[in-house]
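Open the model in your viewer and keep the selection tool at hand. The stops below say what to select next and what is there.

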Amino acid sequence: MNHFELINRLYKEQILSKEDFIRLIEHRTAEDAEYLASLARKEAQKIYGTGVFPRGLIEFTNYCKNDCLYCGIRRSNPNVSRYRLTEEQILSACESGYELGYRSFVLQGGEDPYFHDERMVSIVSAMRKSYPDCAITLSLGERSPESYQALFEAGANRYLLRHETATEEHYQKLHPEAMSLARRKQCLWDLKKAGFHVGTGFMVGAPGQTAAHLAEDLLFIKELNPKMVGIGPFIPHHDTPFKDEPSGTADLTTYMISILRLMNHHLLLPSTTALGTIDPNGREKGILAGANVVMPNLSPIDVRKDYALYDNKICTGDEAAECVGCLGRRMESIGYHLEFSRGDYREYL
Ligand code: SAH
């Protein structure tokens with residue numbers, strides 16, 4: 001079977017076998033990528049039109065108790081200048097975001113025990129009270145089922161937790177011994193049970209990654225059936241054990257975005273900052289491959305450079321308003337526009 005036939009089957013059945021996914025990924029050509037992207041774009045437009053949902057990303061702490069080998073804010077990096085935002089600073093970031101039009105906020109941070117349940121519930125409740133019309137997304141890593149339940153009840157709607165890689169042996173290569181894929185996956189099921197709209201995802205081109213690992217990622221995502229999938233290229237950080245590893249590529253990242261769109265036409269799929277970092281037009285390419293979300297930075301300017309998960313991260317110096325203007329123009333240059341709304345998952349056409 002040639003690749004176009006495989007792609008047509010994926011389009012029709014929204015799934016392939018592991019072997020077929022591997023073939024589609026391993027032996028891809030530029031023609032395959034363009035054909036996949038054209039189908040993915042068409043399906044995304046049927047459901048979401050040419051609107052791209054912006055989410056205001058607030059990076060509220062770079063303290064982390066974990067030691068993921070790829071991540072610049074890992075515990076054992078002594079060169080990070082650590083910061084935490086106060087509840088007031090978080091609310092003030094939301095306020096400036098709201099004025100710019102944002103109706104969707106994402107709070108992301110390292111796994112920082114300072115932000116225990118009581119403190120997080122207080123922050124989420126305050127955001128919910130001030131912004132009843134906004135979606136609140138959390139990305140705080142692994143917590144207990146009780147914690148997830150409490151955060152949901154406080155008013156958070158969505159939770160992003162990338163599984164990172166769905167293959168045990170690869171997960172071990174990327175993480176310290178104390179962390180486990182089984183626990184990561186359990187958290188995702190717990191989040192769903194608590195009522196969250198869940199997002200997961202992985203890095204493209206992570207050290208040691210093969211096409212078989214990516215195929216497993218796709219099969220796990222099919223099983224989990226999340227509302228969102230965030231993927232971006234791996235980019236080395238100079239203070240980590242992976243400092244000399246090559247970055248993932250924009251080509252493979254956009255190819256995977258298109259496959260994900262064909263696996264679930266309704267998916268919320270960000271065109272990530274990491275994609276914009278390895279390619280100056282990465283975010284536009286992501287949208288043209290079938291993505292429909294962007295996540296501009298809303299963190300206070302003075303802390304942005306300290307939330308460095310990888311090297312050369314873009315947009316660390318721009319005012320929030322500049323980011324909106326710049327992204328708006330970028331979307332318009334490819335025939336899309338920013339759509340300032342909660343940006344909920346659309347079940348139906
Ligand atoms: N502590 C939270 C948030 C993690 S940061 C959690 O555990 O979910 C968000 C994502 O950034 C991670 O899930 C990871 O996939 C990505 N990331 C980390 N280091 C990276 C790197 N060097 N290159 C590209 N992406 C990276």
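Helices (H or I, at least four residues) and strands (E, at least two) are DSSP runs, numbered from the N terminus. Residues are numbered from 1 along each chain as its sequence is written. This is a predicted model, in which local features need pLDDT of at least 70, side-chain atom pairs count only at pLDDT 80 or more, and totals for chains, interfaces and linings use all residues; side-chain values use heavy atoms, with hydrogens and water left out.

**Stop 1: E164**

Select E164, in the loop between β5 (158-160) and α7 (168-174). E164 is not a glycine, yet its phi is positive, at about 75 degrees. Is E164 buried or exposed? Buried means under 20% relative accessible area, exposed over 50%, and partly exposed in between (1.4 Å probe, protein chains only). E164 counts as buried because its relative accessibility is 9%.

**Stop 2: the ligand**

Now select the ligand and the residues around it. A residue is near a molecule if one of its heavy atoms lies within 4 Å of it. The ligand is surrounded by 17 residues, and the closest are Y70, G109, R162, E164 and I235. By class, this shell has nine nonpolar, five polar and three charged residues. Here Ala, Val, Leu, Ile, Met, Phe, Trp, Tyr, Cys and Pro count as nonpolar, Asp, Glu, Lys and Arg as charged, and the others, Gly among them, as polar.

Next, look for polar contacts, which are pairs of N or O atoms within 3.5 Å. 

- At G109, a backbone N or O atom lies 2.9 Å from a nitrogen atom of the ligand.
- At R162, an N or O atom in the side chain is 2.9 Å from an oxygen atom of the ligand.
- At I235, a polar backbone atom is 2.7 Å from a nitrogen atom of the ligand.

How much of the ligand does the protein bury? Taken alone, the ligand exposes 560 Å², and the protein buries 90% of that. Such areas come from the Shrake-Rupley method with a 1.4 Å probe.

**Stop 3: residues 50-272**

Select residues 50-272, which the UniProt annotation "domain: Radical SAM core" (unreviewed entry) covers. UniProt annotations may be inferred rather than shown by experiment. Over residues 50-272 the chain is 39% helix and 17% strand, with the end C-alpha atoms 17 Å apart.

Then pick S139, where UniProt places the feature "binding site" (unreviewed entry). S139 is found in strand β4 (residues 135-139), and it counts as buried because its relative accessibility is 9%.

**Stop 4**

Strand β2 has six buried residues out of six. Two strands pair if DSSP finds at least two bridges between them. β2 and strand β3 (residues 104-109) run parallel and are joined by five bridges. Click on I58 to find its bridge partner in β3, L107.

R75 is in the loop between β2 (56-61) and α4 (87-100). R75 counts as exposed, because its relative accessibility is 52%.

**Stop 5: the open sheet**

Which strands form the open sheet, and in what order? The three strands are ordered β8-β1-β9, with parallel pairing. β8 (293-294) and β9 (337-338) stand at the edges, each with a single partner strand, so one side of each has no neighbour in the sheet. Strand β1 (residues 51-54) is joined to β8 by two bridges.

Definitions and conventions:
A polar contact is a pair of N or O atoms within 3.5 Å; within protein, one must be able to donate a hydrogen and the other to accept it, and residues adjacent in sequence count only if both atoms are side-chain atoms.
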